[in-house]
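Please consult the sequence and the coordinates alongside the text.

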Amino acid sequence: MLMIVIHHVFLLWGAKNHITTSWGFLGTGMFFLLSGYGLYVSLENKKLEFSWIVQKSKKMLFPFTFAFFVYIILLPFYNYEGLSCSLIVDFFMLRIPNTTTWFLKAILLLYFITYIAFSKLQKKWRVYFVLSCVVSFFLFARIFLSAEWYWTILNFPMGMFMGLYRKKIETKKFAFKMAGLLSLVFFIISLERQCNVAASMFFSILATVGLSFFPVKNYILNYIGINSINFYLFQMIFLHVCLAVPLCTNVSLYLVFVILLTFSLSLISNKIQKMV
């Protein structure tokens, strides 16, 4: 998520050709891969009930609702004339004006596909069903939706496949390391040629190989997973708000303000959600 925040900060500041230009879709791709992997490992031997998708939806929709009302409070920073009926429509369409919420909708879609696979299908067909659905959506999105919808979404089923074959990966560490080296080569090539879908996938594999050398505690991954939607939604709101702060005289201060405000509101949102 930090890569995504930095990418958006430099983009809105006007540094379009900065090194961070590609960080957005790379960080998002890594998130989708880890999400797919984590979901498969946690659900591998389970048959999901409808309550699972209800609970997951609530965890996604509460941060959106909280962020939406924070946006309304901060309307003066957007030079907005006042409340209107369009805001009601935006709320029910899961939109926050002057921001982008495709990420939230994409996660809800992936959760729904996962629910169908892990509630209706036999174990051996689950990951293949998820892959077929995501590939179908990928082809649809390339025609009818903007690029961010399809650049990174294939990383989700790729993460599930890594979860499915994780034992084989662990027993063949040499092959896993070689995959990392090859991913580095293909990542550089695809990034230079602006093949964003391929670059996102190769970067995710490379980052996963790199993380395998450093033990990451489960509670850290769990914390990132729980707060990812909060981080995403609030950074989208404060990207515009902080531009109006007089102290943001350079991109570094702008970045610090966005991160501090995003982190603070994410903590508040998370605590309120636990109380509800």
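Contact here means heavy atoms within 4.5 Å, and helices (H or I, at least four residues) are DSSP runs numbered from the N terminus. The model is predicted: local features need pLDDT of at least 70, side-chain atom pairs count only at pLDDT 80 or more, and totals for chains, interfaces and linings use all residues. Residues are numbered from 1 along each chain as its sequence is written, and side-chain values use heavy atoms, with hydrogens and water left out.

In the packing of helix α6 (residues 126-144) with helix α8 (residues 155-164), Val 127, Tyr 128, Val 130, Leu 131 and Val 134 of α6 meet Phe 156, Pro 157, Met 160, Phe 161 and Leu 164 of α8. The axes, lines fitted to C-alpha atoms over the stretch in contact, are 9 Å apart at an angle of about 165 degrees. The two helices are therefore roughly antiparallel (an angle over 145 degrees).

Asn 230, in helix α12 (residues 218-241), is buried at a relative accessible area of 1% (buried means under 20%, exposed over 50%, partly exposed in between, with a 1.4 Å probe and protein chains only). Beyond residues up to four places away in sequence, Asn 230 touches Pro 63, Ser 266, Ser 269 and Asn 270.

The structure also holds 28 aromatic pairs (rings of Phe, Tyr and Trp, the last by its six-membered ring, with centres within 6.5 Å; planes under 30 degrees apart count as stacked, over 60 as edge-to-face and the rest as tilted). Phe 186 and Phe 202 form a stacked pair, 5.3 Å centre to centre with 25 degrees between the planes. Phe 186 lies in helix α10 and Phe 202 in helix α11, so the pair ties together parts 16 residues apart in sequence.

Notes. Axes are lines fitted to C-alpha atoms, for helices over the stretch in contact, and angles run from 0 to 180 degrees between N-to-C directions. Angles under 35 degrees count as roughly parallel, over 145 as roughly antiparallel, 65 to 115 as roughly perpendicular and the rest as oblique.
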